Amino acid sequence: SRFIDHTAVGQLIELRQKAMAFRQGQRAALGLDDHSNCAHAVVAANMKKNKKQLGDVTSLNITTLEAGVNAGDSYSYNCVPPVARCSTDVRIPPNTKPQMIADMLDMWCKECSSDPSQ
């Protein structure tokens, strides 16, 4: 057994942390806290206070995480996977240029990658 640095899963977790920090900032711009279960109700109440609406911020939700080394119908639990993937649902407001978000995501991937060319 050994400690392996810069694994694909470790890099994915680092990317997830960046995504969740961005998401929290967008939630804060709406006046939402960690305990706001119904974002629509809170945003509706905040609209009366001239705060931002859902369409004014970028929403980001991680929708899938995938990693592992296949072993037939299961996974090998003692193998470090060489690849880890995630997918996200990102919704941007009309006044945000899509390229800005693409550049941000590319930057996160490069910062989290042990091989910055990937």
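**The helices and their surroundings**

Tutor: Let us begin with helix α3 in this predicted model, where the buried residues are I101, M104, W108 and C112. Around the helix axis they cover an arc of only 60 degrees, which puts them on the same side of α3.

Student: How far apart are the end C-alpha atoms of α3, and what span should its 15 residues have?

Tutor: At 1.5 Å a residue, the 15 residues of α3 should span 21 Å. The distance between the end C-alpha atoms agrees with that expectation, since it is also 21 Å.

Student: Which residues of α1 are buried, and within what arc do they fall?

Tutor: Helix α1 has as its buried residues A8, Q11, L12, L15, A19, F22, Q26 and R27. Seen down the axis of α1, these residues line one face of the helix, because they fall within an arc of 155 degrees.

Student: What do the buried residues of α1 pack against?

Tutor: The helix itself has 22 residues and reaches 32 Å from its first C-alpha to its last, close to the 32 Å expected at 1.5 Å a residue. Its buried residues, among them L15 and F22, pack against β1 (59-67), β4 (84-91) and α3.

Student: At what angle do α1 and α3 pack, how far apart are their axes, and what is the handedness of the crossing?

Tutor: Two packed helices are described by the angle between their axes and the distance between the axes. For helix α1 (residues 8-29) and helix α3 (residues 98-112), the angle is about 145 degrees and the axes are 9 Å apart. As for handedness, the crossing in which α1 passes α3 is right-handed.

Student: Which residues make the contact between these two helices, and how many of them are nonpolar, polar and charged?

Tutor: From α1 the contact draws on Q11, E14, L15, K18, A19 and F22, while α3 contributes M104, W108, C109, E111 and C112. Sorted by class, the contact of α1 with α3 has three charged residues, one polar residue and seven nonpolar residues.

Student: Is T58 buried or exposed, and which residues does T58 touch?

Tutor: T58 lies in the loop between α2 (39-47) and β1. Its relative accessible area is 5%, and because buried means under 20%, T58 counts as buried. Leaving aside residues up to four places away in sequence, T58 touches F22, Q26, V90, R91, I92, P93 and I101.

Student: Where is P82, and which residues does P82 touch?

Tutor: P82 is found in the loop between β3 (74-75) and β4, and it is exposed, with a relative accessible area of 70%. P82 and T7 are 75 residues apart in sequence, yet their C-alpha atoms are 7.1 Å apart in space. Not counting residues up to four places away in sequence, P82 touches A8 and V69.

Student: Which residue follows α1, and what is its phi?

Tutor: Within α1 itself there is a glycine, G25, which is partly exposed with a relative accessible area of 38%. The residue that follows α1 is G31, whose phi is positive, near 85 degrees.

Student: What pattern does the chain follow along the sequence?

Tutor: The chain has three helices and four strands, and buried residues make up 21% of its 118 residues. Read along the sequence, these elements follow the pattern α-α-β-β-β-β-α.

Methods. Residues numbered from 1 in each chain as written. Predicted model: local features only at pLDDT ≥ 70, side-chain atom pairs only at ≥ 80, totals over all residues. Heavy atoms only, no water. Axes fitted to C-alpha atoms, helices over the stretch in contact; angles between N-to-C directions. Left-handed = near helix turned anticlockwise from the far one by under 90°. Contact = heavy atoms within 4.5 Å. Nonpolar A, V, L, I, M, F, W, Y, C, P; charged D, E, K, R; others polar. Expected span 1.5 Å × (residues − 1). Buried < 20%, exposed > 50% of the residue type's maximum accessible area, 1.4 Å probe, protein only. Arc of directions from axis to C-beta.
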